[in-house]
Amino acid sequence: MFSYRIHRLKENARQQFRWAPHTIGLSMVRPKDYEPVHSVEARSPYAAWLHLKDSTEALQPGDILEADNGELRIYKYVGFEEAQWQLPEVKPDLSAAPPVPDASPTAQGAV
């Protein structure tokens with residue numbers, strides 16, 4: 001049995017997901033579009049879906065199941081597919097870098 005953490009797609013992002021063309025393969029998802037809600041114990045993502053389908057907490061297209069091992073599965077209209085968090089690019093802190101010497105001809109004494 002696995003413990004799956006459910007990440008619910010926020011309503012504003014759900015409309016965009018609903019109208020986006022279906023793509024096959026790895027889906028890149030943004031953490032800011034999701035809210036973790038609770039966990040469910042199941043043998044597979046499909047078993048989790050079956051367990052929740054008749055409850056008020058049923059999975060909706062766009063929701064994500066995150067397994068104990070960090071594996072993400074996004075629920076799409078055709079079933080579950082692999083997903084990965086798309087983390088924002090970290091920009092280097094340039095204030096901590098040493099200053100670059102000026103290599104212009106006027107800095108070297110040429111006129």
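1. Starting with the S1–S4 pair: strand S1 (residues 2-9) runs antiparallel to strand S4 (residues 64-66), and three bridges hold the two together. Within that pairing, Arg5 sits opposite Glu66 in S4. Bear in mind that this is a predicted model.

2. Helix H1 (residues 11-19) lies across S1 and strand S5 (72-76), and its direction is at about 90° to S1. Helix H2 (residues 45-52) packs on the sheet, where it touches S1, S3, S4, S5 and strand S6 (79-85). Relative to S3, H2 points at about 100°.

3. Now the sheet as a whole. It is open, with six strands in the order S2-S6-S5-S4-S1-S3, and the pairing is mixed. Strand S2 (27-29) and strand S3 (34-42) are at the edges with a single partner strand each, so one side of each has no neighbour in the sheet. On average, neighbouring strands are turned by 35° against each other, direction ignored.

4. Reading from the N terminus, the elements go β-α-β-β-α-β-β-β.

5. How much of the contact set links residues 24 or more positions apart? Taking contacts in the protein chain with a separation of 6 or more, such pairs make up 70%.

6. Last, burial and surface. The protein chain has 111 residues, and 29% of them count as buried.

How values were computed
Residues numbered from 1 in each chain as written. Predicted model: local features only at pLDDT ≥ 70, side-chain atom pairs only at ≥ 80, totals over all residues. Heavy atoms only, no water. Pairing = 2+ DSSP bridges. Helix = DSSP H or I, 4+ residues; strand = E, 2+ residues; numbered from the N terminus. Axes fitted to C-alpha atoms, helices over the stretch in contact; angles between N-to-C directions. Contact = heavy atoms within 4.5 Å. Buried < 20%, exposed > 50% of the residue type's maximum accessible area, 1.4 Å probe, protein only.
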